[in-house]
Amino acid sequence: MAPTTSGDKTAPVNTLPPPPGPLLLPVRDPRARDLVLDYAEMYALVGDLVLPGGASMYVMSALETSRELIRHSYYRCEFATVAVTHSLFALEHVLAVRLATNEPLHVLIERATDAGLITAELAIELDRIRLLRDELTQGAESSAALRPLRAVAMLRSVFDAVSLLLRPPSAAETTTAGVGGAQLEGGLARLWEDHLRALFPDGFRGVDFDGVDLVLLDADVTGLVQRELKGGLDGSDVAYLWAALPTSTRSFL
């Protein structure tokens, strides 16, 4: 394909010929068979990843693309890893603007933590994502590094960090002080940190307990724990958690 003369400096792209037959609909990635029953349930999986208010179009585009890649990991599991690393574009941009400096991402994360803009717990998770990106760049990891459920938890950290960084300084510092002080020292935060380090047991995939799918239960509880750490569950959250527990488990509570 000959280069254009319109002044467009992007690399020329060869146009693929039209397929000889009818287009085939995408099919579920076999690795996602124990994740959800159908594609419609992928919407619920990313339902609490809400675009932060006040973000620029650049940031909103990067985060929305990341969220959509998670949904489409139903068809290709590698999209989950791509989603998380893509979200770093938004995070790095917001950090650089908020801190008024252009430094490597790990330095920006450290500066934001020291300034009280994000919690130490959140910084740890953000740095995990940064390290994953570096490993992908160096060939030490592949795009299949993350399963969708783990990717959702990591992507939620980016959404949370961007939301904090976009708040007015006084509001962000007040929120961070509340979360980073009492809650970081609490048992739930420590348990959650241990949980994030652990892999989901392969033997539990596709298993249900009293009619409750363990993979979906893990996804539901992930969202609830994050909300509790950020400010506490409301009455509807507690009711949802209670309803999600197997009947036989409730008898011990």
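**Briefing: a tyrosine cluster and the overall fold**

Tyrosine 75 has a relative accessibility of 25% and so counts as partly exposed, a class that lies between buried (under 20% relative accessible area) and exposed (over 50%), judged with a 1.4 Å probe on protein chains only. The model is predicted, so that local features need a pLDDT of at least 70 and side-chain atom pairs count only at pLDDT 80 or more, whereas totals for chains, interfaces and linings use all residues. Residues are numbered from 1 along each chain as its sequence is written, and side-chain values use heavy atoms, with hydrogens and water left out.

**Aromatic pairs**

- Four aromatic pairs are present in the structure, a pair being two rings of Phe, Tyr or Trp (its six-membered ring) with centres within 6.5 Å, called stacked if the planes are under 30 degrees apart, edge-to-face if over 60 and tilted otherwise.
- One of them joins tyrosine 39 to tyrosine 43 edge-to-face, with 5.9 Å between the centres and 75° between the planes.
- Tyrosine 39 counts as buried because its relative accessibility is 18%, while tyrosine 43, at 47%, is partly exposed.
- Tyrosine 74 and tyrosine 75 also pair edge-to-face, at 5.1 Å centre to centre and with 90° between the planes; tyrosine 74 is buried, with 8% relative accessibility.
- Tyr39, Tyr43, Tyr74 and Tyr75 are linked into a cluster by ring pairs.
- Arginine 71 lies over the face of tyrosine 43, at 4.0 Å from the ring centre; such a charge is NZ of Lys or CZ of Arg within 6 Å of the ring centre and within 35 degrees of the ring normal.

**Secondary structure**

- The protein chain holds eleven helices and two strands, taken as DSSP runs numbered from the N terminus (H or I of at least four residues for helices, E of at least two for strands).
- Read from the N terminus, the elements follow the order α-α-α-α-α-α-α-α-β-β-α-α-α.
- Helix H3 covers residues 78–99, and its 22 residues should span 32 Å at 1.5 Å a residue, which agrees with the 33 Å between its end C-alpha atoms; the expected span is 1.5 Å times one less than the number of residues.
- Alanine 100, which follows H3, has a positive phi near 55°.

**Whole chain and confidence**

- Of the 253 residues of the protein chain, 36% count as buried.
- The average pLDDT (the predictor's confidence in each residue, from 0 to 100) is 78 for the protein chain, and 68% of the residues score at least 70.
- Residues 171–185 have a pLDDT below 50, and this stretch makes 28 contacts in the model beyond near neighbours in sequence, contact meaning heavy atoms within 4.5 Å.
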